[in-house]
Every structure is written in structure tokens, then in C-alpha cells.
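The following exercises concern a single protein model.

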Amino acid sequence: MVVNLKRRKSVMARSMRLGHCVCNPKNPCPCDIFIRHNVCPCAGEKLPVTSGPVALTRHVRKAGCASKIGQADLLKVIGGLPEIENKNVLVGAAAGDDAGVYRLDEGCCLVQTVDVFTPNVDDPYLFGQIAAANSVSDIYAMGGRPLTALSIVGFPIDVLDASILAEILRGGIDKMNEADCAVIGGHSINDEEIKCGFAVTGLIEPEKVVQRNAARGGDVLILTKPLGTGMVSFAAQIGRAEPGVLEVAGVWMATLNKDAAELMARYGAHACTDVTGFGLMGHLVEMIRTSGLTAEIVLESLPVLGPVQACLEQGILSGSIESNQEYSWAWLRVEDSEAEKALPVLFDPQTSGGLLVALPEEKAAGYVGEMRERGHEAASIIGRVRERSGSQREGEVVLKGRRLLNLIGEGEGILREKEEEKVSEEVCCASTPGMGSTCFAGGE
């Protein structure tokens, strides 16, 4: 790199007078980068960027939809926002549904949504596909037809090669083309973490809007994709997934919910939501609580990625499971204590998950059968919606069954074993004042 010394001298003189780097006020001048590498970022000079293959999940703190704000915290924020007063807003923020619906005229509505998250796979092109499939999913969940999209990306352009960003966007555009949705523009920021998503606009007829809060007692619950993408992504992020495991999960995440939405309309679904960052329980509770009903799900019927069993056994669970559990645990009633080993599956944050559809009982088998004929092998009946009885609260979910049986794909030998590290009790307790003889590392 050719250094413009005149420019460097001018910029650094200004920074030193201010006592801060003009490009990053958090840093003094001269900054560590200048001292260690003789590079002045404020003068437009750059360190060599990383080229070649890059594991995207190693460049983020939380992968995929696990990067989103937790449900409990989010509700505290939006609960105090002003209500929307517009007669043409048929579904807005107050409904907390998957997308907003705005009436253009008597026969046509706009359906709009936006979604952004960090990488949960390492391949840039696949990540772009997943980001697009996830963003357009909210349109499908409402029964709409996507038309246009705007990309939203954050990328550390000073650290990673621009070709990586190009591949992310190419994957997103290709997936949107598959959805017959035109990417007509976008916005980018220079960010420390990689992020990608899309703002999507679609059309829908007013009478065909499928809302989340319209389930009916007796409806059958169907899930169209397997659970467990959060666990598998976390396993890859911490280096515990064998090569290929994340790519298999990525294929599921990159699959559009287009068929699920099309058949949902044909089979007369009463309600629908897509299962994403709040996990199955978070989305199910919101569906039935706002419908004034309860539900039961059967553990053996839940479609789950094969590697999930190993993740549960080895404790490979992201912290986002706890934040999801914080919100929806109060509504869960477990009938068999043996099922507790599998409970993290219910709270696992999903990225580009399937549709959770509430259908009349007589239509459910036909819907699942046609989904599987189209190649969606994970589509399964997982439970049903019930009217409240006795002391049951609105939104209560009863978990039946004892173990996971509906495993999708290979599930053995796919996670790297962790080398056991023996922690000295003396070192552990000595470094923790007040702990006495109680030590989590080596005791019972």
C-alpha cells in the first residue's frame, strides 16, 4: 500500500489536537493500530484484509436468530410505544404478528416485513440464501405473495474481503428470485459484525390474510421444518460440529416456506406463524394465548434435526435457550418428567424455521401428505389446539410424551468430542472469595 504521508500528517495532527482519533473517538492518537502496524485508519490506510475462505460464524457473538433481542425484553420495549391510528392498518405492531398489513383499496393490501440477523453458517452464499428465505417467510406466514425486497447488510469491510459480501448478496438475490421477489435496492453499513436481511413487500387480498391469533379449538397443529437449527449453529460456532453438519442444517434453513404457504391457503388454515428466534414455545404461546386457547404437543411427533440428540447429551446449548425459556416457561406443563431432558428443543431459537399452521382436523392429513410429496419430509402433525378447561390459563401448553423420536437426517458421530479439562478445586475456590469448600468444578 502506498502511504500518502501528507494526508497522514494532516489527519494525525488534527486527531492529536483533539486527543482522539477522528475516525474512532474511542481511540487516542496515535492509536494501537498505528503503533503496532504503522497504519493510520483515519487517513484512509487499511490493514491487509482477510482473503480466502472464512468461517462466518467465528466473526459473530451470537449466530443467526439467536442474535435477536429476547422476547421478554422486546415486549417491555414495544409495550410502551404509541398505538397506530390509521384505519387502513389491518394488522400492525399492536397485534405483534409476523408482518404488517396495510389496505390499499377494497380488494388489495400491502403486507410488509423486515428481518436481519448474523451468520449461522460459514458459507457466505448459503448465509445469503438463508437470510432471504428467513425474511420472506413472514410474508408467507400471513398468506401473502412477495413482490419486492431491499437488502440490509452490515459488514467489516476493513477486515474481511469484499468478495465475501458479494457472495452473501448473490445468495440472497438468487433465493429471492426463487421466491419471484425482486431485490430492487438496499442499504449497507461498515459494522464490526456481519449482518444480513431484507425488507420485503408483498400483496394479499384482505379476506385471505392469515393471522396468528385466529386459531380455533380442535385445530391440528402442523410444523413444516425440523427444530434444532440453533443448537447445530452453536455447535459449529464453538468448533464442535464435524464438517458438513452445518451445511445439512443450512439446506433446511435455506428452503422457502413457499409450498407451505400455498398449501396453507388451499387447505383453509385458521392461523399461522413462522417459528424463528423465539423458539417453538415462544411462537406457539403467542399463537394460542392471543386466540384465548390452550394447546397440547407430543414430544415424539416433533420433527428434530438428527444432531440435536447429541447436542442435548453433550450440553451444547446456546444461552439464547435460557432467554427464550424465561418468557415462555410459565405457560408450559410437562406431563412426564422423563421429557425434561428434551425440553431445550422447545426453546431453541430457530433461523428460517418452518410454518406452524393451525388447520381443521379433517384437513391436516391431506396437508402433511402433499407437503411430503413435494419433498418436505419433516412436515408433521405435532399436536392440537384446545379450548380452556378448569383452571387452565390462556396460552397454556401441555407437553405429552417422553422422548424425541421424529429425527430428521443422520444423528450419530457428527459432533466432535470435547477434551475433558480437570479443574483444580484449590485454584477454583481460591480465586472465588467466599466460596469456602463449595466448588462447582470438581465436587458432587
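**Exercise 1.** Determine whether Trp-329 is buried, partly exposed or exposed, and describe the ring with which Trp-329 pairs.

*Solution.* Trp-329 has a relative accessible area of 40% and is therefore partly exposed (buried means under 20% relative accessible area, exposed over 50%, partly exposed in between, with a 1.4 Å probe and protein chains only). The model is a predicted one, in which local features need pLDDT of at least 70 and side-chain atom pairs count only at pLDDT 80 or more, while totals for chains, interfaces and linings use all residues. Residues are numbered from 1 along each chain as its sequence is written, and side-chain values use heavy atoms, with hydrogens and water left out.

Next, the ring centres of Trp-329 and Phe-347 are 6.0 Å apart and their planes stand at 40 degrees, so this pair is tilted (rings of Phe, Tyr and Trp, the last by its six-membered ring, pair if their centres lie within 6.5 Å; planes under 30 degrees apart count as stacked, over 60 as edge-to-face and the rest as tilted). Phe-347 is buried, at 0% relative accessibility. Finally, Trp-329 belongs to the loop between helix 11 (320-328) and strand 11, and Phe-347 to helix 12 (residues 344-347), so the pair ties together parts 18 residues apart in sequence (helices, H or I of at least four residues, and strands, E of at least two, are DSSP runs numbered from the N terminus).

**Exercise 2.** State how many aromatic pairs are counted, and describe the pair of Tyr-327 and Trp-331.

*Solution.* The count comes to 4 aromatic pairs. Tyr-327 and Trp-331 form a tilted pair, 5.4 Å centre to centre with 45 degrees between the planes. Tyr-327 is buried, with a relative accessible area of 11%; Trp-331 also counts as buried, at 15%.

**Exercise 3.** Locate Ile-130 and identify its contacts outside its sequence neighbourhood.

*Solution.* Ile-130 is found in helix 4 and is buried, with a relative accessible area of 0%. Leaving aside neighbours within four places in sequence, Ile-130 is in contact with several residues, including Phe-117, Met-253 and Ser-352 (contact means heavy atoms within 4.5 Å). Ser-352 lies 222 residues from Ile-130 along the chain, yet their C-alpha atoms are separated by 6.6 Å.

**Exercise 4.** Give the strand order of the open sheet and name its edge strands.

*Solution.* The open sheet has 7 strands in the order 8-12-7-13-9-14-11, with mixed pairing (two strands pair if DSSP finds at least two bridges between them). Its edge strands, each pairing on one side only, are strand 8 (271-274) and strand 11 (332-334).
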